[in-house]
Amino acid sequence: MSEITSPDKWLIVKVDEYFKVFAVWLGGYLHGNSWRCSSIIEEVIEEDGHFLFHCKSGSVYRCNKERYGTNSFGSSILSKASDYLEVIEDPDEYITSIKFK
């Protein structure tokens with residue numbers, strides 16, 4: 001069975017010619033913020049205010065459409081990788097044009 005994860009904030013990023021989910025979970029007093037970059041997105045399903053991103057590793061990211069973006073923690077991670085990836089600014093417009101490998 002696939003692992004389903006639901007990040008607090010998320011972005012679609014392009015690495016080389018592949019698309020991935022950059023996910024951030026907001027921490028609290030005992031646990032700090034965390035992040036993860038998915039494997040290659042192979043399929044996107046739209047349902048009930050969410051996108052389900054099925055990735056090559058078998059993971060599924062259930063991402064709330066209203067939570068697209070990141071926080072200062074995520075921005076600091078992305079700034080270190082800016083030479084290697086491109087952040088997709090508008091997921092609604094872009095989702096329909098993604099051609100998966």
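Guide: A salt bridge is counted when a side-chain nitrogen of Lys or Arg lies within 4 Å of a carboxyl oxygen of Asp or Glu. This is a predicted model, in which local features need pLDDT of at least 70 and side-chain atom pairs count only at pLDDT 80 or more, while totals for chains, interfaces and linings use all residues. Residues are numbered from 1 along each chain as its sequence is written, and side-chain values use heavy atoms, with hydrogens and water left out.

Visitor: How many salt bridges does a search of the whole structure find?

Guide: The search finds 3 salt bridges. In one of them, the side chains of Lys65 and Glu46 meet at 2.1 Å, N to O. Lys65 sits in the loop between strand 7 and helix 1 and Glu46 in strand 5 (residues 41–47), so the pair links distant parts of the chain, 19 residues apart. Here helices (H or I, at least four residues) and strands (E, at least two) are DSSP runs, numbered from the N terminus.

Visitor: Are Lys65 and Glu46 partly exposed or exposed?

Guide: Relative accessible area under 20% means buried, over 50% exposed, and in between partly exposed (1.4 Å probe, protein chains only). Lys65 is partly exposed because its value is 26%, whereas Glu46 counts as exposed because its value is 53%.

Visitor: Which side chain meets that of Arg62 in a salt bridge?

Guide: The partner is Glu47, at 3.8 Å from N to O. Arg62, at 27%, and Glu47, at 33%, are both partly exposed. A C-alpha to C-alpha distance of 9.9 Å separates Arg62 from Gly49, 13 residues away in sequence.

Visitor: Which side chain does Arg36 meet?

Guide: Arg36 meets Glu3 at 3.3 Å, N to O. Arg36 is in strand 4 (residues 34–37) and Glu3 in the segment before strand 1 (4–5), 33 residues apart. Arg36 is partly exposed at 33%, and Glu3 is likewise partly exposed at 43%.

Visitor: Which residues have the most contacts inside the largest nonpolar core?

Guide: Nonpolar side chains tend to be buried together in soluble globular proteins. A nonpolar core is a set of buried Ala, Val, Leu, Ile, Met, Phe, Trp, Tyr and Cys residues joined through side-chain atoms within 4.5 Å. The largest one in this model has 22 residues, and those with the most contacts inside it are Trp10, Ile12, Val21, Phe22, Phe53 and Tyr61. At least two residues each come from strand 2 (9–15), strand 3 (18–25), strand 6 (50–55), strand 7 (60–64), helix 1 (72–80) and strand 8. Strand 3 gives the largest share of this core, 6 residues.

Visitor: Where is Asp16 found, and what is its phi?

Guide: Most residues other than glycine have a negative phi. Asp16 has a positive phi near 55° and is found in the loop between strand 2 and strand 3. Asp16 counts as exposed, at 62% relative accessibility. Asp48 also has a positive phi, of about 40°, although it is not a glycine. Asp48 lies in the loop between strand 5 and strand 6 and is exposed at 69%.

Visitor: Where is Glu86 placed?

Guide: Glu86 is in strand 8 (residues 85–88) and is partly exposed, at 44% relative accessibility.
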